[in-house]
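Grab your viewer and work through these exercises with the model open. Each one sets a task and then walks through a solution.

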Amino acid sequence: MEDINAENLITVIKLRHELPDSIREVNIFRNELTMTVDKKDIKRICTFLRDDDELKYDFLSDLCGLDFPGRHERFCVVYNLYSIMLNHRVRLKVFLKEEESIQSIVSVYPTANWHEREVFDMFGIRFDEHPDLRKILMPEDWEGYPLRKDYPLRGEDGENSRH
Amino acid sequence: MEKILGTDKMIINMGPQHPSTHGVLRLELEVEGETIVNVAPHIGYLHTGIEKEMESKTYHQGIVLTDRLDYLAAFSNNLAYIMAVEKLLNLDIPKRAQYIRVLLVELNRIASHLVWLATHVLDLGGISMFWYAFREREIILDIFETVSGARMTPSYFRIGGVSADLPEGFGRKVKDFIELFKSRINEYEDLITENPIWINRTKGVGVISQKDAVFLGLSGPLLRATGIKWDIRKSNPYCSYEDFDFEISCGENGDVYDRYLARMFEIRQSLRIVEQALDGMPEGSFIADAPQVVLPSKDKVLTTIEGLIRHFLIVSEGFYPPVGEVYHSIESPKGELGFYIVSDGSNKPYRVKIRPPSFVNLQALAGMAKGRLIADLVAIIGSLDIVLGEIDR
């Protein structure tokens, strides 16, 4: 760990106080705080981080997926949160197994709607309680999840595919 | 076109080839007469798999792909990407390179806003504005061409600095442009700002509240038009933005008219920054002294064996950043443009996620357009200033 600053610490301490068992790992790299948290609590954590008066993470900058084939928990969903009012950032990471789904946070941050659709489209990760979980970038009848690591760069047809 | 039985509602497709959807955007409109009941945007027509492609390219090679995101502001995309990589490497950038970057990015902001202005006013029936704005944008593109050799896809910034020093005569060209543009922008405003037709078409149209704007993730001029003063150049200054004296735009009503005012204000501020960057341009190196990462100069490649080996290694293999992950965002003309890069220690990124402002901003369209007329929808799309290149990636 490097460059521990007060803002990062407050976020970790407050979240640990609120939900003692949900933080699995805390990491600070290049002064960016990353917390790996439990899948089941993600919606509560986001709501807490958004509404707490000292944290106020009111802005979901980005939400994306990661794929680590071969790991016990293959997929990871990453949330990049920001507070416009207090000007600080935190990154949440949630790991899940291939067949698992995760709670949608659209009700907490409406902007997550399209982001979650994109993760579903690209990785095949399902979001429970999402109001409209459809493909977003790929054609409706597309098979396969392009951003998975086992998906070939040139598509499943390889060289023959010239879309 | 499809009529829903038993009601007056109809489903109409607008796009993907429709001039006022600004690219290949398809809107599925549910209308009752002229009134919009619902809008469902369909995107992805321009999806080229840039994020996937980046995983198979070295860090240097990735720069070229970023040009194709928001092709109206390629310098901004280059900057956001290389700054994320530099953060990963913990690299210090020489002051001169930072000033060159700021200068070009701000010129690019003006060029991008000019395209917005031209097409937005054109959509609402003001054809002359289109010619004026494109006339001035042409001068900016000429400046880009003298710097990088390309007008739209410069790939001029490098990890560690910029690819070459500014060419001779650059300062003169930019100065001429600033002098010319100072009066031209006044002409634009004379034409539009108090034009009764313009006001009728834009005031009170496409309103979004502050709270909705934040929760929907809006950024850039769209967010500032609602009255929230958030500009990453001020809140988290990067690239020496703290050295420059400028103000950030701010509206209050969050309607199409305020977005127009916000962007016009930004054009003027960008002009101020360009002027300051040019006048205060520091001497010194245009690229960092980091032989592991930065390509050696041509002179060294041709005359020294170390330079030759270094050049070969960086071109064929690239470099190996530490294991880690970074998110870096900048204020692009459209809003918060972020790059999230995960490195596994190899010479290629494990994952690059782009946070395109247009993708997020477009989500707000349905809320803004519901209950309004189709003609208003055209005004609202114009005011969102989307570029499908970065939405679909």
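Of the contacts in chain A (heavy atoms within 4.5 Å) between residues at least 6 apart in sequence, 53% join residues at least 24 apart. Before going on, note that this is a predicted model, where local features need pLDDT of at least 70 and side-chain atom pairs count only at pLDDT 80 or more, while totals for chains, interfaces and linings use all residues. Residues are numbered from 1 along each chain as its sequence is written, chains are lettered from A and ligands numbered from 1 in the order in which they are written, and side-chain values use heavy atoms, with hydrogens and water left out.

**Exercise 1.** Work out what secondary structure chain A has, and in which order the elements run.

*Solution.* Start by counting: chain A has three helices and seven strands. These are DSSP runs, numbered from the N terminus: helices are H or I with at least four residues, strands are E with at least two. Then read from the N terminus, and you get α-β-β-α-β-β-β-β-α-β. For overall dimensions, the C-alpha atoms of chain A fill a box of roughly 55 × 35 × 25 Å along the principal axes. Last, check burial: 56% of the 163 residues of chain A count as buried. Here buried means under 20% relative accessible area, exposed means over 50%, and partly exposed is in between (1.4 Å probe, protein chains only).

## The interface

**Exercise 2.** Describe the side of chain A that touches chain B: which elements supply it, and what classes of residue does it have?

*Solution.* First, the extent: 45 residues of chain A are in contact with 46 residues of chain B. The two chains bury about 3,800 Å² between them, 58% of it on carbon and sulfur atoms. That figure is the accessible area (1.4 Å probe) that two parts lose on being put together, summed over both.

Next, the polar side of things. Between chain A and chain B there are 25 residue pairs in polar contact, both residues at pLDDT 80 or more. (A polar contact is a pair of N or O atoms within 3.5 Å; within protein, one must be able to donate a hydrogen and the other to accept it, and residues adjacent in sequence count only if both atoms are side-chain atoms.)

Now the elements: S2 (32-37), S3 (59-67), S4 (75-83), S5 (88-96) and helix H3 (112-123) of chain A each supply at least two residues. S3(A) gives the most, with nine residues. By class, this side of chain A has 24 nonpolar, eight polar and 13 charged residues. (Ala, Val, Leu, Ile, Met, Phe, Trp, Tyr, Cys and Pro count as nonpolar, Asp, Glu, Lys and Arg as charged, and the others, Gly among them, as polar.)

**Exercise 3.** Find the salt bridge partner of Arg148(A), and say which parts of the chain the pair ties together.

*Solution.* Arg148(A) meets Glu98(A) in a salt bridge, at 3.8 Å from N to O. The definition is a side-chain nitrogen of Lys or Arg within 4 Å of a carboxyl oxygen of Asp or Glu. Arg148(A) lies in the segment after strand S7 (126-128) of chain A and Glu98(A) in the loop between S5 and S6 of chain A, so the pair ties together parts that are 50 residues apart in sequence.

**Exercise 4.** Which side chains join Arg233(B) in polar contacts?

*Solution.* Begin by locating Arg233(B), in helix H10 (residues 232-235) of chain B. With a relative accessible area of 3%, Arg233(B) is buried. Its side chain has a polar contact of 2.8 Å with Asp231(B) and one of 3.2 Å with Glu106(B).

## A pair of pairings

**Exercise 5.** Is S8(B) mostly covered or exposed, and which strands pair with S8(B)?

*Solution.* Take burial first: S8(B), residues 335-343, is mostly covered, with nine of its nine residues buried. S7(B), residues 324-332, pairs with S8(B) in the antiparallel sense over nine bridges. (Strands pair if DSSP finds at least two bridges between them.) Along that pairing, Gly324(B) stands opposite Ser343(B), and a hairpin joins S7(B) to S8(B) through two residues. S9(B), residues 351-355, also runs antiparallel to S8(B), joined by five bridges. There, Tyr340(B) stands opposite Lys353(B).
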